Structure formats: C-alpha cells, structure tokens
Amino acid sequence: MAKKGAKREEATTQTDNVVLIGRKPVMNYVTACITFFNSGEKQVVVKARGRAISKAVDTVELLRRAFIKDLEIQQIDIGTEELVSAEGGQKSNISTIEITITKAKTKQQKEEE
C-alpha cells in the first residue's frame with residue numbers, strides 16, 4: 001500500500017505538461033498541447049485510457065500533420081490498469097497509453113548547444 005501512495009504523489013508533481021484525454025472534442029486537446037508548447041514546455045505527455053486511446057492518437061497525429069510540423073514522438077508507453085467497480089466489486093482491465101511528444105530542435109537551436 002505504501003508504494004501506491006508514493007507513486008501517486010510522484011505522478012501529481014509531474015502533471016505540469018500532461019494532457020489527459022477524455023470526452024471532449026479532439027481540437028480541445030490539440031489546443032491544450034499547443035498552449036503547453038507555446039508556454040515554453042519542451043515536451044508534453046498525452047495520456048488516455050480505454051475508448052479515449054483512439055482520440056489520443058488522433059490528437060498527436062493532428063498536431064504532427066497540421067499544426068507543428070517538427071513534432072517528434074519521443075516515447076509511447078502502453079499498459080493495463082485494473083479497476084474495481086463500485087457496484088459488486090468486479091475487476092476489469094482497462095488499457096492505457098502515454099505518448100510523449102517534443103518539438104524537434106531547429107538548426108539554430110542545435111548550433112547554440
């Protein structure tokens with residue numbers, strides 16, 4: 001039990017650049033990602049569970065193809081969470097995805113390093 005609590009605290013401190021995908025239209029999440037990049041974030045993590053996974057993929061693809069041409073997909077993590085329903089206590093597995101995206105460095109930025 002102690003490990004779960006420590007893990008949750010760690011996750012809450014790193015949510016500055018995380019976009020959680022839910023039921024809203026895809027463009028809302030695209031706008032959120034663009035806002036993070038425009039505010040100076042180097043990377044953004046797009047997270048989704050269950051049926052929202054396809055919306056997370058759509059968000060990243062729309063960003064990459066239409067809005068930020070130099071977007072790079074750093075990492076894709078997939079997993080499963082076990083949820084216990086409130087009614088009856090049945091356990092069910094829910095798929096999860098985390099897509100870490102970054103803006104590619106321009107030639108000028110590479111030269112400055």
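Residues are numbered from 1 along each chain as its sequence is written, and side-chain values rest on heavy atoms, with hydrogens and water left out. In this predicted model, local features need pLDDT of at least 70 and side-chain atom pairs count only at pLDDT 80 or more, whereas totals for chains, interfaces and linings use all residues.

Helices (H or I, at least four residues) and strands (E, at least two) are DSSP runs, numbered from the N terminus. An open sheet with mixed pairing is formed by 4 strands in the order E1-E2-E4-E3, two strands being paired if DSSP finds at least two bridges between them. Strand E1 (18–20) and strand E3 (71–84) are at the edges; each has a single partner strand, so one side of each is left without a neighbour in the sheet. From one strand to the next, the twist averages 20°; angles run from 0 to 180 degrees between N-to-C directions, and axes are lines fitted to C-alpha atoms, for helices over the stretch in contact. Strand E2 (residues 43–49) and E4 run antiparallel and are joined by 7 bridges. Ala-48 is placed opposite Ile-97 in E4.

Helix H2 (residues 26–38) packs on the sheet and touches E1, E2, E3 and E4, contact meaning heavy atoms within 4.5 Å. The direction of H2 makes about 170° with that of E1. H3 also packs on the sheet, where it touches E2, E3 and E4. The direction of H3 makes about 10° with that of E4.

Thr-96 is located in strand E4 (residues 91–103). With a relative accessible area of 16%, Thr-96 is buried; buried means under 20%, exposed over 50% and partly exposed in between (1.4 Å probe, protein chains only). Leaving aside residues up to four places away in sequence, Thr-96 touches Ala-48, Arg-49, Ile-53, Asp-77, Ile-78, Gly-79, Thr-80 and Glu-81.

Two of these contacts of Thr-96, Arg-49 and Glu-81, are themselves joined by a salt bridge between their side chains (2.9 Å, N to O). A salt bridge is a side-chain nitrogen of Lys or Arg within 4 Å of a carboxyl oxygen of Asp or Glu. The pair links distant parts of the chain, with Arg-49 in strand E2 and Glu-81 in strand E3, 32 residues apart. Arg-49 is partly exposed at 42% relative accessibility, and Glu-81 is partly exposed at 33%.

The whole structure holds 4 salt bridges. One of them connects Arg-64 with Glu-61, whose closest N and O atoms are 2.7 Å apart; both residues lie in helix H3, 3 residues apart, about one turn of the helix. Arg-65 also forms a salt bridge with Glu-61, with 3.3 Å between the closest N and O atoms. Arg-65 and Glu-61 are 4 residues apart in helix H3, again about one turn. Arg-65 is exposed, at 59% relative accessible area. Through shared partners, the salt bridges join Glu-61, Arg-64 and Arg-65 into one network.
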